[in-house]
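Open the model in your viewer and keep the selection tool ready. The tour goes stop by stop.

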Amino acid sequence: MANDASTRPSDAQVRTWLEGERARLTALRGELTEDVDDEGTGEELSAVDQHPADTGTDVESRTGSWSVLEQVSAGLAAVDDAFERLERGVYGRCAICGEAIDPERLAALPATRYCLRHQQQVDEDRGRPSPSGTTSPRPI
């Protein structure tokens, strides 16, 4: 879809998308932080009572929570970056080719920096599978 003045989202719409994404990620970060804090307290007073496999499961769960928490923090940083791009007047343009990003992609991923073609290239360069279809999967 071509992104001309008639299809480009308004700055107010973009702010709404970004604020919604920030609220979603902030709430998720709060939930994850509580989970990580709860996992760190450990309800059992002694590891002697715990089977080694249970201890391993606890460690794996805690590691997974920290990993997701890091992804959420990166998502919040991307939202902040998108607000800065909006202020500079470059929001909605691919950081690589400068072409307009499809408005549907922006609605689905308001903090995206790349058009679909270049997002696939970035993902491949990072060793991630490329998304199929017209939009990338929604980040955590």
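pLDDT is the predictor's confidence in each residue, from 0 to 100. Contact means heavy atoms within 4.5 Å. This is a predicted model, in which local features need pLDDT of at least 70, side-chain atom pairs count only at pLDDT 80 or more, and totals for chains, interfaces and linings use all residues. Residues are numbered from 1 along each chain as its sequence is written, and side-chain values use heavy atoms, without hydrogens and water.

**Colour by confidence.** The protein averages a pLDDT of 80, and 68% of the residues score at least 70. Select residues 1-5: pLDDT stays under 50 there, and the model has nine contacts beyond four places in sequence for them. Now select 132-140. Here too pLDDT stays under 50, with 25 contacts beyond four places in sequence. Where pLDDT is low, the predicted coordinates should not be read in detail.

**Show the helices.** Helices are DSSP runs of H or I with at least four residues, numbered from the N terminus. Confidence is lowest in H2, at a mean of 81, and highest in H3, at 94.

**Select the core.** A nonpolar core is a set of buried Ala, Val, Leu, Ile, Met, Phe, Trp, Tyr and Cys residues joined through side-chain atoms within 4.5 Å. Buried means under 20% relative accessible area, exposed over 50%, and partly exposed in between (1.4 Å probe, protein chains only). The largest such core has 20 residues, and Val14, Leu18, Val79 and Tyr91 have the most contacts inside it. Helices H1 (11-41) and H2 (52-88) each supply at least two of its residues. The largest share, seven residues, comes from H2. Click Leu18: beyond four places in sequence, Leu18 touches Val79, Ala82, Phe83, Tyr91, Pro110 and Ala111.

**Go to Thr112.** Thr112 sits in the loop between H3 (103-108) and H4 (116-125). Is Thr112 buried or exposed? Thr112 counts as buried because its relative accessibility is 8%.

**Finish on H4.** Select His118, Gln119, Val122 and Asp123, the buried residues of H4. They lie on the same side of H4, because they cover an arc of only 140° around the axis, taken from the directions from the helix axis to the C-beta atoms. What covers them includes H3. On the other side of H4, Arg117, Glu124 and Asp125 are exposed. Just after H4, Gly127 takes a positive phi of about 80°.
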